[in-house]
Protein chains: 2
Amino acid sequence: MDIAAVNVLSYEDFVEVFGNVVEKCPLIPAAVWSCRPFVSVKAFEAAINEFIDALPESGKEGILRCHPDLAGRDLKSGTLTRESLEEQAVAGMDALSSSEAARMARLNEEYKKRFGFPFVICARMNEKAAILQQLSERCQNERIVERARGIEEVKKICRLRIHTLLLSDRTFKL
Amino acid sequence: MDIAAVNVLSYEDFVEVFGNVVEKCPLIPAAVWSCRPFVSVKAFEAAINEFIDALPESGKEGILRCHPDLAGRDLKSGTLTRESLEEQAVAGMDALSSSEAARMARLNEEYKKRFGFPFVICARMNEKAAILQQLSERCQNERIVERARGIEEVKKICRLRIHTLLLSDRTFKL
């Protein structure tokens, strides 16, 4: 699917395809449908980023809070979104040793207690060891720094999800 | 559950309970968690309304586009959210005669074609005949009027969902 095909989608098909490019936030792609036509995929991504940037700080925190923990209860209970499950699996989050799992759980709790939102990182762009190290380091940041950092990761995840969807058979069928 | 109990919920429990008070927009309650403590249920509702009001017009349209059609394909295919299913059933949307269903489908399509978002109405506060009449009348509005009108209905739906949740056994268990 190229950008010309994206531009002619009804809002219903658009939300069906791109509804989870920002985890559990279909509001965002549903809003940027108003900005069509996009001159390029990059312009589509930029529209999403601009919408996110224009949200109040509480809204950015809201986006982060819609994300699951890495190797957390949604992974264990099978309630991750399809996209998150794939991403966490690529990064090896479904195959942690018991000591890695215990460390991840402890750091996730510490992070959430400190910031009031979960640790978000683009799992596709990081390996297990790097994720654990960054989680540990980012626990030390100031809240305002970490909110901005989490949102940058949301944008990376979004970009990769869009590219995956544009290349997938499922999307071609529309 | 009273407002004191709401105020002590972790963001995870808060989003678990209130995540769908605005249809498929958990971002919104997840954002207003930042505004706790709420002095009253009314203040909680006001925080949601203020967040919605501060969104750009595209964001308001995005909220509307997260809503299903009344008596539409999600009702037929069993993919409505629990809340929407209950509301549509109360208004008799699951028991339309074939001529009512045909009229509803035709008007829904006309509305969506004209505005680029679906007809939203607080089904709990309206009966079948009133819904059909309003859908027919609102198809004649200007886009800007109808966007504002849809958002007012979203706020009514949200208020009733909050009140239902605060009274429910499921919520008390947290």
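In this predicted model, Phe18(B) has a relative accessibility of 0% and therefore counts as buried. Its ring is paired with that of Phe44(B): the two centres are 5.1 Å apart and the planes meet at 80°, so the arrangement is edge-to-face. Phe18(B) belongs to helix 2 (residues 11-18) of chain B, whereas Phe44(B) belongs to helix 4 (residues 41-54) of chain B, so the pair ties together parts that are 26 residues apart in sequence. Phe44(B) is likewise buried, at 0% relative accessibility.

Over all chains, a search of the whole structure finds 18 aromatic pairs. One of the pairs is formed in chain A by Phe14(A) and Phe44(A), whose ring centres are separated by 5.5 Å; the angle between the planes is 55°, so this pair is tilted.

In chain A, Arg36(A) lies over the face of Trp33(A), 3.7 Å from the ring centre. In chain B, the charged end of Arg36(B) is placed over the ring of Trp33(B), at 3.7 Å from its centre.

The relation between the chains was examined by superposition. Chain A is brought onto chain B by a rotation of 180° with 0.0 Å of shift along the axis, and the RMSD is 0.0 Å. This is the relation of a two-fold axis. Within chain A, the C-alpha nearest the axis is that of Cys25(A), at 3.1 Å. The same surface serves both copies, since 100% of the contact residues of chain A recur in chain B.

Cysteine residues were considered next. A search of the whole structure finds zero disulfides over all chains. Cys158(A) is in no disulfide, and the nearest cysteine sulfur, that of Cys25(A), is 10 Å away. Cys158(A) is buried, with a relative accessible area of 2%. In chain B, the sulfur of Cys35(B) has its closest cysteine sulfur in Cys158(B), at 13 Å, which is too far for a bond, because a disulfide requires the sulfur atoms to lie within 2.5 Å. Cys35(B) is partly exposed, with a relative accessible area of 40%.

Conventions:
Residues numbered from 1 in each chain as written. Chains lettered and ligands numbered in written order. Predicted model: local features only at pLDDT ≥ 70, side-chain atom pairs only at ≥ 80, totals over all residues. Heavy atoms only, no water. Buried < 20%, exposed > 50% of the residue type's maximum accessible area, 1.4 Å probe, protein only. Least-squares fit on C-alpha atoms with pLDDT ≥ 70 in both. Contact = heavy atoms within 4.5 Å. Phe/Tyr/Trp six-rings, centres within 6.5 Å; stacked < 30°, edge-to-face > 60°. Helix = DSSP H or I, 4+ residues; strand = E, 2+ residues; numbered from the N terminus. Lys NZ or Arg CZ within 6 Å of the ring centre and 35° of its normal.
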